[in-house]
Amino acid sequence: MQRIELATVLLLGLASFADLSIIIVYPVYKIVCYDYSTLLQNSLLFYEAQRSGKLPSDQKVTWRKDSALNDKGDNGEDLTGGYYDAGDFVKFGFQMAFTATVLSWGLLDHEAGYSNAGALEDGRKAVKWATDYFIKAHTSEFEFYGQVGDGIADHNYWGRPEDMTMDRPAFKITASAPGSDLAAETAAAMAAASLVFKTVDSAYSTTLLQHAIQLFNFANTYRGKFSDSIDNVRCCYKIHSTLGWSVGVAIYSLYSSSNYNDELVWGAAWLYRATQDNQYLNVVQQEYPTVQYWVGFDWDQKTSGADVLLAQLTGESSYSSKTKNYCDNIINNQQRTPKGLIFISEWGSLRESANAMFICLKAAELGISADSYRTEAKRQIDYILGDSGRSYIVGFGTNPPTHAHHRSSSCPDAPATCDWTQYSTTDPNPHVLIGALVGGPGANDDYEDVRSDYQHNEVACDYNAAFQGILAINHINVVTAALEFTITHTT
């Protein structure tokens with residue numbers, strides 16, 4: 001009887017089972033996968049590198065230091081902490097909240113994947129770094145700071161966050177300057193996180209839920225788009241695909257919200273999950289007819305996420321049918337690159353594919369086209385990890401990115417100078433931004449690892465969120481498949 005080497009067992013994520021004498025491990029070479037366990041750990045290191053504020057004593061990414069310690073609200077409120085959005089140093093609350101919601105979703109539903117990878121505690125810390133900041137930013141019942149830092153001034157600076165000297169104004173939503181999308185997304189993040197911490201820190205969980213309830217009431221009572229109230233967010237650009245399933249044409253629009261109805265549905269669904277209060281399902285039913293469907297699932301478009309979450313919570317076929325239609329369209333009709341990447345947007349193409357696959361993996365858990373969705377999700381993630389011919393994860397695999405558009409990792413250690421001259425150098429970034437997912441290739445698998453290409457080579461907190469959730473799911477699937485193979489071949 002041939003046995004598998006322990007090293008291979010470790011690669012497959014079976015280390016936690018290796019000492020169980022009741023399990024006889026047979027060859028599992030048919031299960032081909034990347035090291036999802038290490039990738040999950042590395043993704044969490046990326047979030048450490050994005051931290052703003054006073055860093056904790058257990059910080060693992062030690063080339064980062066304390067920064068932005070004077071972030072304050074209009075009346076001196078402490079707004080330190082939270083995450084820098086991408087390769088810059090603005091704290092965009094809308095994108096940060098989406099990141100926290102999706103990270104919490106992955107932790108909540110796939111705790112075993114984190115636990116088996118030895119990443120559960122770090123996963124919780126990643127969520128808490130955001131939610132601690134949101135608690136500070138929620139300064140009163142109908143007041144929430146949604147951004148710290150001037151986008152234009154920030155983007156005119158290339159250097160370390162520790163060395164910033166420009167003014168960092170704070171921008172808020174209020175009853176007279178509302179932001180239903182921002183408030184509802186932050187409510188979703190707080191509600192989801194309250195469930196993550198419910199059995200770990202009940203007092204903190206209760207605090208998060210209280211904020212979630214207040215923020216959702218704020219969102220629902222005072223209607224409006226946050227980008228109409230916080231116009232500084234218009235500093236920055238995104239590309240959004242708007243022309244349907246198969247066309248995949250992207251157009252420029254401002255780094256702002258397209259609408260708020262989907263966030264009201266999404267936030268209400270998470271409040272229902274956290275409270276089991278039917279008033280939130282009533283909001284879903286009231287707002288659902290107004291939501292629009294887009295190709296992607298991202299910080300601006302929540303409908304497909306709300307559908308699969310509501311299918312999970314209610315068991316209603318109307319939601320599961322819409323989820324199936326979404327995934328079938330994405331998989332069967334959406335544009336692909338020659339090497340098979342599902343291509344939704346020129347900007348952050350890998351993020352968009354991973355986000356869509358996260359939704360389809362959640363659908364698979366509900367028994368919706370499970371085998372085909374899981375197969376496609378693995379294909380898309382493995383494209384990112386190396387099946388395309390290269391890795392798109394910094395510090396991992398074959399020919400990974402070394403010139404990510406990311407200010408802090410591009411800078412050498414102080415006191416060396418870091419400015420636009422450093423931006424222009426062709427040298428690799430002095431610090432390896434381990435675990436970061438870059439934007440990714442164009443429609444023809446075209447990609448050049450250059451720092452100046454922020455469209456394809458920038459990183460962002462929201463890029464890693466669903467990707468990280470898939471790593472946890474895939475880690476569980478690999479362990480399960482290996483155990484099933486083992487058990488089958490011991491009889």
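A disulfide here is a pair of cysteine sulfur atoms within 2.5 Å. Keep that cut-off in mind for the tour. The model is a predicted one, so to speak of local features takes pLDDT of at least 70, side-chain atom pairs count only at pLDDT 80 or more, and totals for chains, interfaces and linings use all residues. Residues are numbered from 1 along each chain as its sequence is written, and side-chain values use heavy atoms, with hydrogens and water left out.

**Stop 1: the cysteines.** Select Cys411 and Cys418, which form a disulfide with their sulfur atoms 1.9 Å apart. The link is left-handed, with -70° about the S-S bond. Cys411 is buried at a relative accessible area of 1%, and Cys418 counts as buried at 12%. (Buried means under 20% relative accessible area, exposed over 50%, partly exposed in between, with a 1.4 Å probe and protein chains only.)

Helices (H or I, at least four residues) and strands (E, at least two) are DSSP runs, numbered from the N terminus. Both cysteines of this pair are buried, and their link is left-handed too, at -115° about the S-S bond.

Stop 2: Two strands pair if DSSP finds at least two bridges between them; β1 and β2 (residues 143-148) are joined by 2 bridges. Click Lys91 and you'll find Val148 of β2 opposite.

**Stop 3: helix α5.** Select residues 120-137: 18 residues reaching 26 Å from first C-alpha to last, close to the 26 Å expected at 1.5 Å a residue. That expected span is 1.5 Å times one less than the number of residues. Buried residues of α5 include Trp129, Tyr133 and Phe134.

**Stop 4: Asn259.** Which loop holds Asn259? Look between β5 (250-254) and α10 (261-275). Asn259 is buried, at 10% relative accessible area. Its side chain makes a 3.2 Å polar contact with that of Gln292. (A polar contact is a pair of N or O atoms within 3.5 Å; within protein, one must be able to donate a hydrogen and the other to accept it, and residues adjacent in sequence count only if both atoms are side-chain atoms.)
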